[in-house]
Structures are given as structure tokens and as C-alpha cells.
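My entries follow the structure.

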Amino acid sequence: MSGRTSGWRWRKILSWLGLLLVAGAALGYYGWTKFFREEPQEAWVNATPESRFRYGSIGGERDAGVPYWIFYVLPRMFPEKLPGPGGYASLGVSWEQGKELPIGFTKKTVGFPRVGNTCAACHTTNYRVSAESNPAFVTAGPGHTLNLVAFFRFLVDCAKDPRFNADNLMREIDLVTDLPWDERLAYRFLIIPMTKKRLVEREKQFAWIYRKDFTDWGRGRDDSMNLTKYFMLELPMDDSFGPDDIPPIWNLKKYDAPGTTMNHAGDSWDAHSVIIDSALGVLGAPPKDNDEFLGHVKWLQEYLTALPPPRYPFEIDASRAEAGKVVFDQQCARCHASDKTGRRMALAGVDTDRARLGTWNKSNAIAANKVVSKMGIQRKGLVEEELVGYNPPFLDGIWVRAPYLHNGSVPTLRDLLRPADQRPKVFWRGYDVYDQANVGFEAQSEGARRVGTKHDTALRGNGNVGHEFGTALPQPDKDALIEYLKTL
Amino acid sequence: MNEIFGATDEQGWLARLFAHAWVRVLALLLAIPTALAVLVAIFLLPRFLADRPVEYSAIEEHFKYGSTGGERVSGFPYWIFQAMPGVCPKLLPGGWPSLGFVYEEGRDLPVGMSRRNYQGVDRVFFNCAVCHTSTVRETSEGKARIVLGMPANTFNIFGFTRFVFDCAKDPHFSSEFVVAEIDRLMQQRGEKLGLLDRYVVYPVAVALMRERLLMLAGRFAPLLQDTEWGPGRNDTFNPNKILFNFPISALPPGERNAPVDFPSIWLQKPRQGMQLHWDGNNIMAEERNKNAAFGTGTTPPTIDLVAIGRLEEWLLTLQPPAYVFPIDQSKAARGQVIYAEYCAGCHGANGREFSAPPGTEQRECVNGNDDDLYGPRVGKITRLEYIGTDRRRLDSFSYDLAANLGTVYAGYPYRYCHYRKTYGYANMPLDGVWLRAPYLHNGSVPSLRALLEPTKARPSVFYRGNDVYDPKNVGFVSDLPEQGGRTFWRYDTTQLGNSNTGHEGKEFGTYLSPQDKDALIEFMKTF
């Protein structure tokens, strides 16, 4: 040893260093491959625009995504935390037969396969022409069957359960697939513990959906502005509560008309802003790459701008509809087919449930606009004014947009043409069998009671008052008007 | 290398360390148990790493006793299986044969059970043959002839399920009683349980098996309160929901009580392109087969697709056996004319000619238009309102289940994508129909003769599970509660899921004259 030169010593140190470097680089590459490398989705996903809208990733798997095999086994491990039997189907998702995931659920490999969401999860309508038939899926329609609050709670509740641990999850995963040994180790020691941690962390922001003094959103609704406040703005919980119907997002070109604003209360300036803000909600984090993100937004906007509303799938009595057009022009057009449509309107005179207006204000809008511009994303954004009421909506595809009013408190068009005190006080929403007689979905049938969620108009945010327009029309006029509305 | 890594340094360092006497003693003390542990491991590893099924080169033997891979996850240790009836004698006084298993002479396991040495223990579980093999006798004293591929007319899988769960719950299902019973059985064969098996392997196996069975029993419990399936039937798609762990007690009541007959599995090739299962919910035999293989205990990682592939290949052309009694050919010829008029439209020209038109063998994974699944043609579906048979089986296969089935075998190239919720029952080919009694999907009509009567003239109560043939009515003897020391299962058509209505009226031949019915039945014996 004493005979060695210092050159020898250096060579020894250098060879150690070199070895470490190579090993480190190999390990780094390995880690990147296993945890971050993104692979394109399977080719069929983007084969058609409709398929891209339904199953194409917009980047929601990176941060908000759930590791595929965890997502896969959760309903098997925790069926008691779902609203009913049927796995994810019990959440009222739109699920095409033969598909691995429901519409709006995306599978993408970011290091490892993950499940994210896309707009279609909330914006696809299921309807069935009878109980003895399979559902049709209307792209960009309101997700009136989707029990979003139950989905949010399900993930958090699973993660909080002491049974959510690597031993139990791995046992269940091993029953359905054979992961290579390194992926098993990754799942056991990294992916499962990290998923648990991140899902449990969501509980704080979701505190208001666990409040006993608030009613359930039920199927087809979300407390949209509170979601923005608690997730994007990370504000402390206030006492507001205002779930509203998931809107249709087809035919967006109608919002090109000057002066129109979007969302039920005219909270946002234009389609571009709404798509960005909603997509950011799906991502659950700032985009990794703004150009890529805005590319998805651009595609969505173009697709949805040109997408027509769905046609009524049953017969329409043409002459009665023609008579109904006259009634419509007299009774409805001044708000729903005029320069008032899609514009802000004061609540007074319409007098529908006001809870939704209390969930958002000018300072929220200013704060949210700041958050988004800090991400380096330019958009016209949210309207920096106090809310005054609800925008009279455009009525395209109104036949499939039941239940009605911003909070979905009136099950059918026929009910909407009754004075508030004669509208159903309790009904079940989110059942997909169509009710041609009343124009809407079955809301009182046995199936509706079994599948749907109960809507009690006496509960907070659920009021079915207001919009008492056309309620005094003679019955033949109402019939004609309803026939005409089917044609929109 | 040595120089670079300074091995000479280490040698010096080690030598200095071993200069101390206490180091040498300590090293020795450590070395002895380590060496022992290594030796034991070397001795035990081959046993506990083993994964060897009993294999058969002859395809018939493979069908009867070969493995689908199911013993790995679901297998019963061979000796525990043999011991169970003795451990819980009150629950199964007649032993395994009383459940209608088919035993061949000289065999210690019934047809339909395979055996595999896996992780140190011989394990047994079902294969396809347990539900698709049965026996037929020409007279009550005659010898039972085993027919491969026919519905397991005598096998009571409901009784099996109930017994296994009840026995697992029984206080006797503990290593104390189980090992004692194994001892007794092994002694009869002049064998003896080894020490490791006696004190480690079987006590652990009993505990694990008990835990697993109790878990499954909890999930199954509501189904075992439903209409009993009896021999020859099972509820196919409610247990399938247990695979997804749908809470059975929360299902809509209409989905429950859906027992159906086991089907025959001959002649799969001409069935390609047809809607398979009673309600025609899948067009792909491979998906149907993999799903049925869950019943043999397989999981996606453990299924043996090579072994199942051999069977699939064989079943493409396996023919049903010819009718064993004489056939009046001229009468049959008259019957052929009637058959052509009344039956052939939905059921094919005869017992062999019924294939789907060429080019329809495949169906795209997702195809929004399901209208082409229906029609008055063999392999298509007849809507329930037209066929009028019991609707329970139809309702048991819910849209939600169909959707969930799209997730099965995810990550493999053969993930299911062909399951469809339908609204009727499929028009079946009638090959070997004489061995497929009782009839209709729920086995509610004991004979072909009864099927040609309107519902009110069909027996409202009869007995299932007899393998003695009734050539007069064409079906198995169904009016005897017991015969030759064997007891049969009382089928009550008033129970949920058991209705014998439907498939009746002018178009279904129930208005034909007695002579025409005779002729028609004679012709169907030739299938």
C-alpha cells in the first residue's frame, strides 16, 4: 500500500466515481421510465373526434389521476362506500358496453398506467327509450345521471379506511393481474402509500361535501363555484351551498354573440375561459406544459363549437309543434330567443332558488383570474362583478336537459309549466328512462326510486320556486308549446 | 480487479480479526445455524416452489381430469377435500357422491376435478367437465354411461357450495378434526402423514382455507337463500357479481333467483358467430369460456390458457352421442317436415346443420347498434315479450354487470369487450337435444313431449337429477322422487325463477295434433 503512487489513488477514486455516475444515470433513467415517462394512449382513443372527447387525455392523469390498478380494485374492496351495487356503474357514469372505463375516464401511462378524467365524465347524457333497452349516450349533454359527490367521497373514504394499505391492495391486485416484480415493489412501497396520502389530503378541501347540514348534490349536479373556491383558490370553507345542474356544452357557437356570458349565473365571459377553468379543475394542478394544455383546449373548443344539439328521438306532431311555435314566440322568446338570452339578468321577477348566487362573488372572480394568469394562461376569464341572477339559457336540445331550472328542481317540462306549488315536492333524479309524456326523465317510477337520488325541494338549494311563466296557459297551448320545445 | 478494489487490504484486515479466539468461536456459532437453515431450505424449496399439474395426453382424460389452472388460487388440498365429508358428516351424510358427482371406477376423484401439486401441497378443484359431463342409463338397473360435454344433469353445485361453506363454519373444521380424519383415510390406503404435514402444512392449510371460505360464504350468503338450483342448474350471473364484490343483498330483487340449466358444449365450431349464453349476451366463445373458467377457480394471472385451448380446439367438433333407443325412421321423416315448418327457422335445419352465415363469426368490440343481435334465426335472440319464458335469468344479467365485464382481463390482450345486455333469449341449436333435458333455459319442462304442451298441461312439479332415460317422453325420468336408492330433487315451477311458461302457442307447436307431435319428437331423436 505504501508503495502506491498518488496517480493510482486518483485512478481508483475516478473509477469509483465513474461507476457511481453510470449507476446513478441508469437508476435515474429507470426511475424516470417507471414513474414519469409518458406514453401515448392506444390508437383507437383518438381515432374519431367523438372517441377523443370521450376517452382522450387532457393531462388529468399526472396529478389528479389514480394509479390504474388501485382504481381497478377499489370498488371490489370497498363496495360499501359506493351508493349501490355495480361498482363504478353505481355512480351513474356513462359506460359503453365493452369499454374498459366509463366515458370521461382516461387511461394513460405516466410512468405507470393511471386513470384520469376528461370533460366527458360530466358532459355526456345517458337516456333510454324504455326500460327494456340499452342507453344512448349524447356527447356533450348534461351528465344528469352522474353522482359526482359520491365519486369524490368514495376516493377519499377509501383512502381513509385502515384497510387501504399495501398488503390488502396488493392481494386484490394479484388476483387480477400479474405485475412484474419491480412494479409490484413500486406499488407496494411508493404508489400505494403516496396515493393514500394524496387522496386523504383532499379531505380538507372537500370538507363541505361532508357537512350534515347540507343536502346531497344528488345525481347530475355539482356545487361548481364552491369547487372552484376550495380547490383553485384554496379558500377556507364558508357557509354557502349552491349545487346546480351540469350544463350541456354542445353548440358553443351560440356564445359568440356579443354580451353573452356563461355558466348558470353568467359567471364567466366566454367558452374559451370556461373550458380552461373547467379543464384546470380536471387537471387538479397547473398544466405541466401550457402549450400542450392550450392545444387540448383549442381542440375541445372547436369540436364543441360545431357540435349540434341532439335531435328528439321520438315522433313529433309537426302541426302541433307549429302551433306551439306561436305560443313560444309570445311567451318564451323574449327571454329565451332574444338579445336577453345567455346574458345576465336580475333575479327579481324570475325568483328561482337563490342559493347558487351566494356561492360566488366579485373578489372570488378577481382572485381566480389572478391564479390563472399566474400560470401564464391568457383568457378573458371570470366576470369580476357580483352575481345578480341567472342567465336565461338558450334552449337547444332542451328535451334532454331535464330536470329543469338551474338547480334541477323541476323534473319535466310539463311540471315547469305548472305553478310552483303544483310542481312535485319530492322526486328522484338521475334515472335514464325517458318520459315522453312529460318531456324529461322518469322521476317517480319504481326504477327512478331505485336508481335515482331523492330531490326534496324543501331542502337548502333545492327550491323549485320561480320561473312561473306560461303556467296559466290553457292546456292545449301548453301541449303545443311542449311539442315545439321537442324540436329545439 | 483485485488490485483496483484493494482485496489485499481486506485479506489483511480479516486475518487480523480472526486472530482473536472469540471471533473464531462466534463465527462458528453463527455458521452452524446458517448452514442448517440453508440445508433445510435446500431440502424444502423444491417442494414449496412446485407447480405441477397432473397432465393427460389423451384429450378425453384431459377434459375429465386436466387442470384449467384453478387449483393454484382456489384449490382444496387433496386430503382436506377427501376429509371434508367425514369432518362434517351431518352436513353431507352421503358423502361427495350424494351431490351427483360422476365417479369412474378406480378413481379417487370425480370427473371434473383436477389435481395439481402447488406450493408444497396437492390441491384439487373443478374443471369444465364437472358441469359439462353426466351419465345416462337405459334402465334403472342398467350401467351408467358417461357422456362428455352434456349438461351435468345430476351434479348439484348448489348443494356443493352450501356444504363447503357450512362445513367451513362448523367447529369441527379445525386442524384437530381435519388432521385426524386425514390420518384415518390415509391409514386405509396404507399411507401416513409426514411430520411437517401434520404439524405445519395442514394446520396452516386448514386455517387459510377456513378464512377464505368464510369470506366467500359471507359474499354468497344471500344467494343461498334464493330459489335452490338443484342438480343440473346454477345461477350463472349472480355469482359473477360476487367476482366484482357487488353486495348481493343490495341488488334489485328482480335480478335474483336466476337459476339456469347447464348447457351442452358440443359442436362449438358451427356455433361461431352466434349469440352465446341463454340470453345471447356474448358472441365470443373465448370470452364466455374464460368467464366460465372463473367457476373452476381461475384468475387472470393463474388461468392455464394452453390447457383450456386444447379443450376449445377439441370442442369445436366434438359430437353428441346418437340416441340410444330405436328410432322409427318413417315417423321421423314425417317429423322432419313439421320441424322444417315450425322449428327450423329459429333452431337450424336439424341437429347438425345450424351454422351462422359465413363472415359473421366476429363482432366489433364496441358497436352501438345491437339490433342485429335479434331475429328469428338460430344463434340470434328472440325478444322476451315474444318467447314469454321466465324472465329472471334475463334480468340477472344487468347492464351494470355487462359494463363491469368490460374490465375483466384488463392488461391482457384478451380483455372482454363483447358482453352485451340483451332483452330476450337466444335461439339455441339443438344438437344432442335428447340429452339436454329438462328443457327451456331454466330446465322447467322435463321432456320434449311436455314442451310441446301448453304451459297449463306441463307438469307443475317434477323431479330432477335422475339419469335413467325416458324414451317415451324424451327426457330423463322425472316423476320419481327416488329410484334405486338415489333420491332426486323436487322442482317446483311456482318458485321464483322456475316458471315453465312460454315457448308456447301455434308457432311453437303446442297446437299440433298428437300424431304430429309424435313425429316431430321422433325426428328430434336423430339430433
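At roughly what angle do the axes of α8(A) and α9(A) cross? I worked on a predicted model, in which local features need pLDDT of at least 70, side-chain atom pairs count only at pLDDT 80 or more, and totals for chains, interfaces and linings use all residues. Residues are numbered from 1 along each chain as its sequence is written, and chains are lettered from A and ligands numbered from 1 in the order in which they are written.

Entry, crossing. I found that the axes of α8(A) and α9(A) come within 10 Å and cross at roughly 125° (axes are lines fitted to C-alpha atoms, for helices over the stretch in contact, and angles run from 0 to 180 degrees between N-to-C directions). The two helices, α8(A) and α9(A), are therefore oblique to each other (angles under 35 degrees count as roughly parallel, over 145 as roughly antiparallel, 65 to 115 as roughly perpendicular and the rest as oblique).

Entry, faces of α9(A). I listed Phe293(A), Leu294(A), His296(A), Val297(A), Leu300(A) and Leu304(A) as the buried residues of α9(A) (buried: 20 or more other C-beta atoms within 10 Å of its own; exposed: 12 or fewer; partly exposed: in between; C-beta atoms are placed from the backbone). They cover an arc of only 150° around the axis, which puts them on the same side of α9(A) (the arc is that of the directions from the helix axis to the C-beta atoms). On the other side I noted exposed residues, including Asp291(A), Lys298(A) and Ala306(A).

Entry, packing. The buried residues of α9(A) pack against α8 (271-283) of chain A.

How values were computed
Helix = DSSP H or I, 4+ residues; strand = E, 2+ residues; numbered from the N terminus. Contact = placed C-beta atoms within 7 Å.
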